[in-house]
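User: I would like to learn how to read a few local features of a protein model. Could you take me through them one at a time?

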Amino acid sequence: MSKLIIIESPSKAPAIMSYLGKDYKVLASKGHVRDLPKSSLGVDIEDGFKPKYVTIQGKTDVINQLKKEAKTADAVYFATDPDREGEAISWHIATVLGMDPAKCLRISFNEITKSTIQSEINNPRPIDMNLVDAQQARRVLDRIVGYQLSPYLWKTIKSGLSAGRVQSVATRLIVERDAEIDAFVPKEYYTIDAVLKNARRLKINTKFYGDASGKIELNSKDEADKIIAACGGKDFIAKSVKMAKKSKSPLPPFETATLQQDASHRLGFNSKKIMRVAQELYEGVDIGQDLGGAHGLITYMRTDSLRISEEASAAARTFITENYGKEYYPSKPRTFKTKSTAQDAHEAIRPANVAFTPEMLKSRLSSDQYKLYKLIWERFVASQMKNAEFDTVSAEFECEGYVFKSSESSVAFKGYMTVYNDTEEKVEKDGKLSSVKEGDALACDEIGAKQNFTEPPARYNEGSLVKVLKEKGIGRPSTYAQTITTIIDRGYVTLEKKAFHSTPLGKASVDIMKKNFPKIVDYRFTAEVETSLDKIADGEKTFVSVLDDFYGDFENTLSEAQKHLKENRVKIPDEESDIICEKCGRKMVIKTGKYGKFAACPGYPECKNTKPLDVSNKKAAPEKKEAEKTDLLCEKCGSPLLIRESRYGKFYACSSFPKCRYTKAIREEIGVPCPKCGAPIVKGVGKKKTVFYSCSRYPDCDFSMWDRPTDKKCPECGSMLALKESKNILVCTNKDCKFKKNNEEG
């Protein structure tokens, strides 16, 4: 028997093969094999929105290999990723292999573990065409919007722009937040803090609240000074002191959106990096033969479910009771309710094996893998632990009819916070407030007012943008990383100090879209589209009906907008820089050309001065060094050679450039003769800035090596010794000689 398992990513193969016998062969499609063409719409709108798929460039060899292996296999299992896109990829592969999707053996791995893989192989199912159609509908919708709307932006704003169903809404969120910040007018207000002393001379901090009628806002210094004058030097009477127990439940395990938010906040990772590292942990990492070789360390990372399996729950209970004690496990296993809008196709993100603690794997993972695995492991384990318990004390003090309030809390039982601290609550250790009794009179030791101003709403960062996209039901968590990358790459927003700023281009695009295509950038409508796609996946709606509902209105809106092209054209204002044009004295502006951004004089065409731009700080890039003249002549045309400098070092270049493009690297001699011909050995730098050594007569003499040659001879065989600079040891260059020793001179 020979069985073929087709997966998406080749990095999964070692982990999967380690759990299977010799009868199985694992091959990777390396993602999609077919897609809509790049050069045309690729959708037959008149024929029920039928997609016209083509083979992706470079995938012919992969397809031919899959066809060859499938012909000789007794069974073919389609094990692409366990989501709608993975289902669609399985369908595409089955189609190019000429197989009936209804008769295919579809399996999916929520985690790369032995039990999961064997269970799936024993229980295959057909390819789910409802899931495939939901993915196709998303792809076709996005293609129609992108290919029919983008040309409108080219004509009204700037060529080369792109519009997208989700990216346009994400850009709108950032543009509108920037508008809120720009329009924000700070409001002055005051707070009053007092320091009280009790009979034991313990200092207790309290804050002004109001009076018996309720809270009072202090909007001027006079209002604050009036209260300070009334209360200063007077006794404060403790009107009430309440002690209570407070319990705090742990957060649920991660799903995709919350993982992106928390990893952004705690680790400083961007969304793209989070998903890349999570993919590595899911697909499998070799953690050493003593721990079983390659393992998938987390469950599938594209999910909006909070559900965990009974096996995972039982494993967590065992781990917690054995490592922390029975008192840290609740009376019954925890479950978390998944939102009704979630697909709930998979479990929450959790460690595949909770017994693999972060510290156990620290030396076996990369730094990024360890940090993200630790975050996922701690969040999951904490989610299954007992509540944290706090002792709280709250007190109200009265002075001259004014009310001041104080509160403090202390940890009575850490519970889940032993593993994962998700609270920013101030925890007091000394418990001063608990010494106060009702009716106590406390002397006012100190009282003062502080001027404050209301703050504008915070700019979106990656974590907060993902959070609001999820709350509004816009897009799917698995697409957020790509959406964020796209709006940055397109120049609609910039990311400065981890905060998003809209650009003039982004603002103009949103204005045009809101004016002419309000539905496309409407938050509720975008969320309703996602709901319709979910209904296709559930079999409640059809591919064609959803696209019909969308396209009729979209086509009419686009047609109407085309009639008003002229009045909708906008000119994007150039961004001003601090660079002064040395020719005319104007402040230069930042423009974008074929090769990126540059500084240009706004006086064009009278002044045509331009400068290269250091994009990181929007200042003029360092001036290029003048070429150094030499007495040497070009070997090709006889013109004088110049010495120029690039990031790889100095080189000779013909002065007749571009007519003659002769160049020759200038190599540094190291004072050691070539062992083959006796010519000087020179030091060179490769394209990746790697250092190498070669004969100065190269290519006539082919001597070259990575380690630094020396003039020392091997005491055992007489060959040249080379210096391994990173380890500071001398080694023999004769492959058959094993001599090496520490470099005493180093």
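Predicted model: local features only at pLDDT ≥ 70, side-chain atom pairs only at ≥ 80, totals over all residues.

User: How do strands of a sheet pair, and in which order do β25, β26, β27 and β28 stand?

Analyst: Strands of a sheet pair through backbone hydrogen bonds, either parallel or antiparallel. Here four strands form an open sheet in the order β25-β26-β27-β28, with antiparallel pairing. β25 (628–633) and β28 (663–665) are the edge strands; each has a single partner strand, so one side of each has no neighbour in the sheet. From one strand to the next, the twist averages 35 degrees.

User: How many bridges join β25 and β26?

Analyst: Three bridges join β25 to β26 (residues 640–646), in the antiparallel sense. For Leu633, the bridge partner in β26 is Pro640.

User: Where are the cis peptide bonds at Pro605 and Pro658?

Analyst: The bond from Tyr604 to Pro605 is cis, with omega near 10 degrees. Pro605 sits in the loop between β22 (596–600) and β23 (610–614). The bond from Phe657 to Pro658 is also cis, with omega near 10 degrees, and Pro658 is in the loop between β27 (649–654) and β28.

User: What is the phi of Phe49, and is Phe49 buried or exposed?

Analyst: Phe49 is a residue other than glycine with a positive phi, near 60 degrees. Phe49 lies in the loop between β4 (43–44) and β5 (50–51). Buried means under 20% relative accessible area; Phe49 has 3% relative accessibility, so Phe49 counts as buried.

User: And what of Arg201: buried or exposed?

Analyst: Arg201 has a phi near 60 degrees too, and its place is the loop between β9 (188–197) and β10 (203–211). Exposed means over 50%; at 59% relative accessibility, Arg201 therefore counts as exposed.

Note on methods:
Residues numbered from 1 in each chain as written. Heavy atoms only, no water. Pairing = 2+ DSSP bridges. Helix = DSSP H or I, 4+ residues; strand = E, 2+ residues; numbered from the N terminus. Axes fitted to C-alpha atoms, helices over the stretch in contact; angles between N-to-C directions. Buried < 20%, exposed > 50% of the residue type's maximum accessible area, 1.4 Å probe, protein only.
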